[in-house]
Every structure is written in C-alpha cells, then in structure tokens.
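User: Hello! I am new to this structure and would like to learn how to read its features. Could you walk me through a few of them?

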Amino acid sequence: MTDQLIAQARNLLEGQIDFQGQKKAELFTSFSLAGFGLVALLVGYIQQDIYLTLWLGLLGTFITFVAVVPPWPFYNKNPEAWLPAANGLTGIGIEVDGKKIN
C-alpha cells in the first residue's frame, strides 16, 4: 500500500509531459502573460494606479503559473514511444554503411 502511494506521488511530482504538451504550455504562457500584462497596463493607466497595475500583473502571473506548471493530463496526450533499453553486454547494434558497430 505504501509503495503504491509513493509511486503515485512520484508520478505526480515528476511532471512528465510530451513534446506537443510542451508546445501548448509555451504558447499558453506567452499569450497569457502578454494578455494579462496588456490588461493590467490598460486598467492601471485608465485608473491612474500603479499598484493596481502591479497587482493585476501579479494575478495574471499566478494564474499562468497554476495553468502551466503542474503536469495536467492534457499536456500528456501524445506520449513518445521510447525504444527499450539495450543490454550493456550485447551493445546497441547500430549499422553504418552496412557495418555493425558495437
């Protein structure tokens, strides 16, 4: 039972996402920070309040952080199929120009 809990905690904390998930996270981060920054700047300018600008920018950064940093399941919809580990004694068996390299 304890091993199962440790394995589940490890899977949650490892943060594995696939390459398409990384791209989604990067695009979301860029657009959301730019959007929140623009909104914070406009609201702060209209209200003539620098503290409001800073707090709105901080809120946008926090929302972006919560949306991007945890390994949400939609960031891992296309996992990569990795090759199995090769035995260290037999070598990898790469062929270059028809010759096997060990």
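**Reading the model step by step**

Analyst: Let's begin with Q48, which lies in the loop between helix 2 and helix 3. Helices (H or I, at least four residues) and strands (E, at least two) are DSSP runs, numbered from the N terminus. This is a predicted model, in which local features need pLDDT of at least 70 and side-chain atom pairs count only at pLDDT 80 or more, while totals for chains, interfaces and linings use all residues. Residues are numbered from 1 along each chain as its sequence is written, and side-chain values use heavy atoms, with hydrogens and water left out.

User: What is the phi of Q48?

Analyst: Most residues other than glycine have a negative phi. Q48 is not a glycine, yet its phi is positive, about 55°.

User: Is Q48 buried or exposed?

Analyst: Buried means under 20% relative accessible area, exposed over 50%, and partly exposed in between (1.4 Å probe, protein chains only). Q48 counts as exposed because its relative accessibility is 62%.

User: Why is T53 counted as buried?

Analyst: T53 is counted as buried because its relative accessible area is 16%. This residue sits in helix 3. Contact means heavy atoms within 4.5 Å. Leaving aside neighbours within four places in sequence, T53 is in contact with A40, L41, G44 and Y45.

User: Where is S32, and which backbone oxygen lies by its side chain?

Analyst: S32 is in helix 2, and it is buried, with a relative accessible area of 10%. A polar contact is a pair of N or O atoms within 3.5 Å; within protein, one must be able to donate a hydrogen and the other to accept it, and residues adjacent in sequence count only if both atoms are side-chain atoms. Here a polar atom of the S32 side chain lies 3.4 Å from the backbone oxygen of T29. S32 and I63 are 31 residues apart in sequence, with 8.8 Å between their C-alpha atoms.

User: How should I read D18, and what is its nearest side chain of opposite charge?

Analyst: Lys and Arg count as positive and Asp and Glu as negative; His and the chain ends are not counted. A salt bridge is a side-chain nitrogen of Lys or Arg within 4 Å of a carboxyl oxygen of Asp or Glu. D18 is buried but has no salt bridge, and the nearest side chain of opposite charge, K24, is 6.7 Å away. D18 lies in the loop between helix 1 (2-14) and helix 2 (19-47). Its side chain reaches the backbone nitrogen of Q20 at 3.3 Å, and a polar atom of that side chain lies 2.5 Å from the backbone nitrogen of N78. Not counting residues up to four places away in sequence, D18 touches Y75, N76, K77, N78 and P79.

User: Which residues form the nonpolar patch on the surface?

Analyst: Patches are made of residues with over 30% relative accessible area and no salt bridge: like charges are joined within 9 Å, nonpolar side chains (Val, Leu, Ile, Met, Phe, Trp, Tyr) within 5 Å. Accessible areas come from the Shrake-Rupley method with a 1.4 Å probe; for residues, only the protein chains shown count as cover. Here L59, F62, I63, F65, V66, V69, W72 and F74 form the patch, with about 760 Å² of accessible area together.
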